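Reader: Could you take me through one part of this model in detail, with the cut-offs stated as you go? I would like the sheet and its surroundings treated as one connected picture.

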Amino acid sequence: MKTPRSFRSRTAIATACCLVAAFTTARATDPTSAIAVLHPTAGNKTTGTIRFEPAADGKIHVTGTVEGLTPNAEQAIHVHEFGDCSAPDATSAGGHYNPEGHQHGLPVQEMRHAGDLGNLKSDANGVAHLDLTVDHITINGSQNPIIGRGVIVHSKLDDGGQPTGNAGGRVACGVIGWANPGK
Ligand code: CU
Ligand code: ZN
């Protein structure tokens, strides 16, 4: 028995739609990771690049290199509310990114601000390599999306104290944007 023509054409249209959908939702050039390039605030010299990549179990892998830090020290790094580094001291980036209204904490603590990334540990040359996997944030998902927000490096150690870890002034600021997948 022959398949009715109208059924066949509808099937063909449905298949074509699915193929189009597959290509439009997962092109090789679509970004999946985010990047923040850190620039020094007024009177400082800290620079760096921080990357945020999706990891297993919905977590986010945070990596990067920061230079121009105090040698052999620990300095706080957080995601702040706004991707606005326009003020010379970067206060325009707002407070710690905290959509869920938790108290401040360190990454080892379950309850903390979504933006609490803890500390960078610098070597004798003032260079730190960050390699941290965190939960509670997404790049562009429904839970605490960080795209378009700010990364701040502070002058001092984040000691986990309230309200913001006693981390001192802001020495570098960067905006979290989509990373170029071809780079
Ligand atoms: Cu901060
Ligand atoms: Zn915090």
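Author: What follows is a close look at the sheet, one of its strands and the core.

This is a predicted model, in which local features need pLDDT of at least 70 and side-chain atom pairs count only at pLDDT 80 or more, while totals for chains, interfaces and linings use all residues. Residues are numbered from 1 along each chain as its sequence is written, and chains are lettered from A and ligands numbered from 1 in the order in which they are written.

Helices (H or I, at least four residues) and strands (E, at least two) are DSSP runs, numbered from the N terminus, and two strands are said to pair if DSSP finds at least two bridges between them. With those terms, eight strands form an open sheet whose order is 5-4-7-8-1-2-3-6, with antiparallel pairing. Its edges are strand 5 (116–121) and strand 6 (128–134), each of which pairs on one side only. From one strand to the next the twist averages 20°, where axes are lines fitted to C-alpha atoms and angles run from 0 to 180 degrees between N-to-C directions.

Strand 4 (residues 74–80) is joined by four bridges to strand 7 (residues 150–154), the two running antiparallel, and four bridges also join strand 4 to strand 5, again antiparallel. Six of the seven residues of strand 4 are buried, a residue being buried if 20 or more other C-beta atoms, placed from the backbone, lie within 10 Å of its own, exposed if 12 or fewer do, and partly exposed in between.

A nonpolar core is a set of buried Ala, Val, Leu, Ile, Met, Phe, Trp, Tyr and Cys residues joined through C-beta atoms within 7 Å. The largest such core has 32 residues, and those with the most contacts inside it are A36, L38, I146, V151, V153, C173 and I176. Among the elements that give it two or more residues are strand 4, strand 5 and strand 7, while strand 8 supplies the largest share, five residues. Contacts here require C-beta atoms, placed from the backbone, to lie within 7 Å; leaving aside residues up to four places away in sequence, C173 touches L38, H39, T41, C85, A90, A93, G150 and I152.

Terms used
Contact = placed C-beta atoms within 7 Å.
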